[in-house]
Amino acid sequence: MEKKRVEEQEGVPVALPKVDRFGFVKQETSATDGPTKSRSALEHEREERRIRKWRKMIGVGGSDWKHYVRRKPHVVKRRIRKGIPDCLRGLVWQLISGSRDLLLMNPGVYEQLVIYETSASELDIIRDISRTFPSHIFFQQRHGPGQRSLYNVLKAYSVYDRDVGYVQGMGFVAGLLLLYMSEEDAFWLLVALLKGAVHAPMEGLYLVGLPLVQQYLFQLDHLVKEYLPKLGEHFAQEMINPSMYASQWFITVFSYSFPFHLALRIWDVFLFEGVKIVFKVGLALLKYCHDDLVKLPFEKLIHALRNFPNDAMNPDMLLPMAYSIKVSKRLEELKEEYEKENGKLSDRIRQKLQPS
Amino acid sequence: MARRPDEDYDYLFKVVLIGDSGVGKSNLLSRFTRNEFCLESKSTIGVEFATRTLQVEGRTIKAQIWDTAGQERYRAITSAYYRGALGALLVYDVTKPTTFDNVSRWLKELRDHADSNIVIMLIGNKTDLKHLRAVATEDAQGFAEKEGLSFIETSALEATNVEKAFQTILSEIYRIISKKSLASDEPAPTSIKEGKTLVVGPQDNNTKKTCCSTS
């Protein structure tokens, strides 16, 4: 479902494969892939102004960032929700995720992990390398720089955290990061996410038993029923549960099969505000397609839940809708409810990790 | 639960595709349901789903196929999908001996989570890679006989035996179901629609029975 937004290419030599502005190779039959447009001068100007504002906020190499966030957190939040300018994304992601600090505190560690350590997951990682963003020009070339970087980051992580090791889906997360930063930066951002430098740790998504996936699916199931009761009822009748459509939303944070420009906008917010944006976007998608979904029988429903229409995936429509959905309080309550039945996440993890 | 008029089939059979990661499960499914093969396919995260309706033993059968992520850790999610499945296609890669060695672990997985009477077919995929073959047909054949599984080798890429593999397992399921429903007044073991289902019972006494699986 690699629907790409088609942007006009400027000054690209004819010999290169045609790619969209993010580097995904365009399919020949892309006539239905959304609006083909070149940016108007006005839009261009607006974008330039936005970049200037962002540069001021960040300071040289990120020097003013912390200060700015402390002084005007609401401004930062608002600007991030509007989308981080693409040229600054890599840097800003490192600042908001806390990965920059990890990198500075751990000089030489990444190199050590890549060069000297061996991992039990090496073969698993290699097997999936060419199956990660296979339509992106950076990752297409066999043993090319993209594939090598992806391998290195994943291998390094599998050594760094042997309990997690490597799990399918992590490649899409690492791959997305590698399109915006160096290997070492991507590695530390992965560490920041999984170990919870700023938000709740994500490692539970990938540990044995996938305990956090199970919890998130439980929470989403309830949120759908509460927020979209008619659809929730229809899902129940058709025996649809969130594991049939939403596992990959959480495991790859929408990077597996969603249009890349939408995934990036979600990631901007995800890194700053945490996982609740995944729930919000999921609910917004269901809400937007609600009237169609409630009419569909099981099989068509499953198909629809994996192939949302292009108009639903327009970030400037979908994200404001997602922001308007309030989930924090219910998420917390549902987490407690889930833990009452299944034990605390940390206990569930410990239990699984100890050989019985 | 009445059959929907637009869904014209006699039986609905749920089948799961399992086996190690990278053996070609998703491409077997896309070859069978859409006659497509994707060289640049992504690894499956969680579960995927597709259906195809076809004629088997003179009946119209709808095959509802669940394709599962192969990595061991995903079994936490995927094993829930074994429930209610009437058939399992257990796939290995003929060029990768470890994927064949792991077949017995997958069988155990089925024994632990699937219905005991599930029909299992062993599939050695990627026969197009002739120069890389590392699992002999006879070895797999012997193993399958010992375990009471049917066996076939396929190439999703060249579309060799894919149709036959699915035809075979679906007819096997059909034969078992029609035999059972003839042998007793019990409703046929169910085919499911992940819960909501319909099994059409024996045609002979014309009692259309419906069953629901729990899930």
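In this predicted model, the contact between the two chains draws on 40 residues from chain A and 31 residues from chain B. The size of an interface is often given as the accessible area lost when the parts come together. By that description, chain B and chain A bury about 3000 Å² between them, and 53% of this area lies on carbon and sulfur atoms. Of the area that chain B buries against chain A, 26% is supplied by Lys42(B), Ile45(B) and Arg73(B), which is more than any other three residues provide.

Polar interactions also link the two chains, with 18 residue pairs in polar contact between chain B and chain A and two salt bridges across their interface. Arg306(A) forms a salt bridge with Glu48(B), in which the closest N and O atoms are 3.0 Å apart. On the side of chain B that touches chain A, the elements that give two or more residues are β2 (47–56), β3 (59–68) and α2 (75–78) of chain B, and the largest share, four residues, comes from β2(B). Sorted by class, this side of chain B has ten nonpolar, eleven polar and ten charged residues.

Within chain A, the C-alpha atom of Arg306(A) is separated by 8.5 Å from that of Ser257(A), although the two residues are 49 residues apart along the chain. Ser257(A) is placed in the loop between α14 (247–251) and α15 (260–273) of chain A, and it counts as buried because its relative accessibility is 10%, where the cut-off for buried is under 20%. The side chain of Ser257(A) is joined to that of Gln248(A) by a polar contact of 2.9 Å.

Definitions and conventions. Residues numbered from 1 in each chain as written. Chains lettered and ligands numbered in written order. Predicted model: local features only at pLDDT ≥ 70, side-chain atom pairs only at ≥ 80, totals over all residues. Heavy atoms only, no water. Buried < 20%, exposed > 50% of the residue type's maximum accessible area, 1.4 Å probe, protein only. Polar contact = N/O pair within 3.5 Å; in protein donor to acceptor, adjacent residues only side chain to side chain. Contact = heavy atoms within 4.5 Å. Buried area = accessible area lost by both parts, 1.4 Å probe. Salt bridge = Lys/Arg side-chain N within 4 Å of Asp/Glu carboxyl O. Nonpolar A, V, L, I, M, F, W, Y, C, P; charged D, E, K, R; others polar.
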